[in-house]
Amino acid sequence: MIFSGIALEALSGVVSLASSEIDQFMIGAVKNDIVKLFDSVEKYDDGTFYFDEKLVNMREQQGPLATTSSVVRGLTAFSSVITESLNLTGDKILGIAKFFLGIGIPGDTKNFFDQVDSLACLENNRVSIPLILSLPSTVISLTKKDSLKVKVNTVLGSHAPPLTVTLVRAFSSSARDNSIIENQELKFDPQDAVYFLDDLPASFDVGEYIFVFKMLVQDSEQQTVYATGTLTQVPIYVTGLIKIENAKIAVLDSDLGSVETQKKLDLAGESTVSVSANHLQKLRLSFQMSTPLGNAFKPHQAFLRLRHETKVEHTFVVGSSGKKFEITLDFLGLVEKFFYLSGRYDIQLTVGDAVMENSLLRDIGYVELDLPEPPENASRPPPQPVDPYTRYGPKAEITHIFRAPEKRPPQELSLAFLVLTILPLFGFIIGLLRLGVNLKNFPTSAVPATFAVIFHLGIAAVLLLYVLFWLKLDLFTTLKTLCFLGVFLMVVGHRTLSHLASASAKLKSA
Amino acid sequence: MARSTGKDAQALFHSLRSAYAATPTTLKIIDLYVGFAVFTALIQVVYMAIVGSFPFNSFLSGVLSCVGTAVLAVCLRIQVNKDNKEFKDLPPERAFADFVLCNLVLHLVIMNFLG
């Protein structure tokens, strides 16, 4: 179908180049094909027409926008080059125009181009120029005494020819058979180029209505040039101030229904009331609502919400009969629903509707509720959402519990055993003396004696290093020092012992 | 019966004593050293038995130092003993040097483990 549009464009280019030589029979054949093409136009429920591809196995799936715009381009190009008119109803052209207008702003640049280009083709085409009826505002406010305004333009907003715009019917969307206005012609304001209806009849109350318009080109010759369609339906909202009066809040005794406390509420102002009740009583809120014309009005939303200090909420719908709105909360039955939470509950009333200009959502006060203690198996209130920023606050303090230290022996015992451990050393020395250990072999001459002394000192130094290591040094420094000492000790020891060995060898050989 | 075994034990003991008196002094010194080390170890074990083995590493290092040095002393005794045919060519000073070196290494490890 997209190719048929392109073909028509190309064909119109050819015809415009060689208009005199074209066989009229062929043009007639193309016209028939166009009519057949338009038989396959598809329709949405809201009256817009569009073309879409039937075959799905194309490589690039073009949407209905691209397809329809291609057909429109081809159609308008072809109709501009042929002399006779095409046999197409204006409704389909108007439907296609509404399709392009109804898709809003496409996100794709190519789609946007298709949309604007097709609208430009339709603006001045030779088949029929669609005229669009639109309302600058579909909300009429009774308080502001708005008037109904209607504009008629071509698809790109240029002026339309003089028309007669008639409001055929106006009826409430809830009572479709009962039309309030019939066949009212709208007056034309040449300054703003709008058609308007100045005074709505007094019987117009707030609510949702449907207005049905019809437009007709005044000049009968031009009627085939323009496509005006048949009837256009537009939903209209009529808004106004709803009177809320006689608002009362009362606490009743459950058994007798007698009023214990009753307070008047000023719903329009900012004042709040406070009442108190226990579980044996009931709370009743009542008020009356009426439209500007005095009829009963049922708002879309009428809620009463009780919110506890712990942010647990309960919402109730306020029932109505005629103009009177009333809700009675019997706390005896609601004790379990309220999770047995006593305390202060904030009362919030919400009354709202689309046609109500003074919808309200107000905290009207609080009620101190005294409920009995929860039994063992009562359900807990649901956990309330925690403020998400508390996780960035300070956390609970962690106190570290150190491991209980081991039981140490009393210090005197340890010291006693220290002494006891040193004793064998003394025993060793005493034993040595008793054995008559000979120090005779200790070399007396100077050099070997020095070496021997240094050897003993070296060993003592190493042992001292070990003691220091235990007391405070770490292994690395110890090892470093040990390296030096060890090398030194080995040199000295070697000297001493070899001296001793040679001495004993001499003794043996001698 | 008991008296004969008692007398035999006494006779055995006496013979041991006399034989031991014949050992050279150096060996006696080494034996005395071994005895001293073992005795110290025993005292430490008794202490641990009394107060419990809380710093177990300390107890181990103490006992093992005594036992280690005793073992090294025994090795020294073997090497120095002239009656041992295997170590005839080993000069006793060399053995003593080995003993000193091994003791130093042992005590380094012990001090590290003492904590």
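**Figure 1. The area buried between chain A and chain B is about 2,700 Å².** Buried area here is the accessible area (1.4 Å probe) that two parts lose on being put together, summed over both. Carbon and sulfur atoms give 85% of the area buried between these chains. On the side of chain A, the residues that lose the most area to chain B are Phe417(A), Phe428(A) and Tyr466(A), together 22% of what that side buries. This is a predicted model: local features need pLDDT of at least 70, side-chain atom pairs count only at pLDDT 80 or more, and totals for chains, interfaces and linings use all residues. Residues are numbered from 1 along each chain as its sequence is written, chains are lettered from A and ligands numbered from 1 in the order in which they are written, and side-chain values use heavy atoms, with hydrogens and water left out.

**Figure 2. Contacts join 32 residues of chain A to 28 residues of chain B.** Contact means heavy atoms within 4.5 Å. Between the two chains there are two residue pairs in polar contact, both at pLDDT 80 or more. A polar contact is a pair of N or O atoms within 3.5 Å; within protein, one must be able to donate a hydrogen and the other to accept it, and residues adjacent in sequence count only if both atoms are side-chain atoms.

**Figure 3. Helices H7 (411–435), H8 (446–471) and H9 (475–509) of chain A each supply at least two residues of the side that touches chain B.** Helices (H or I, at least four residues) and strands (E, at least two) are DSSP runs, numbered from the N terminus. H7(A) gives the largest share of this side, 11 residues. By class, the side of chain A that touches chain B has 25 nonpolar residues (Ala, Val, Leu, Ile, Met, Phe, Trp, Tyr, Cys and Pro), two charged residues (Asp, Glu, Lys and Arg) and five polar residues (the others, Gly among them).

**Figure 4. Chain B has four helices and zero strands.** Along the sequence, its pattern is α-α-α-α. Among contacts in chain B with a separation of 6 or more, 66% are between residues 24 or more positions apart.

**Figure 5. Asp198(A) lies in the loop between strand E9 (194–197) and strand E10 (207–217) of chain A.** Asp198(A) counts as partly exposed because its relative accessibility is 45%, and partly exposed lies between buried, under 20%, and exposed, over 50%. The C-alpha atoms of Asp198(A) and Leu186(A) are separated by 8.5 Å, and these residues are 12 residues apart along the chain.

How values were computed
Buried < 20%, exposed > 50% of the residue type's maximum accessible area, 1.4 Å probe, protein only.
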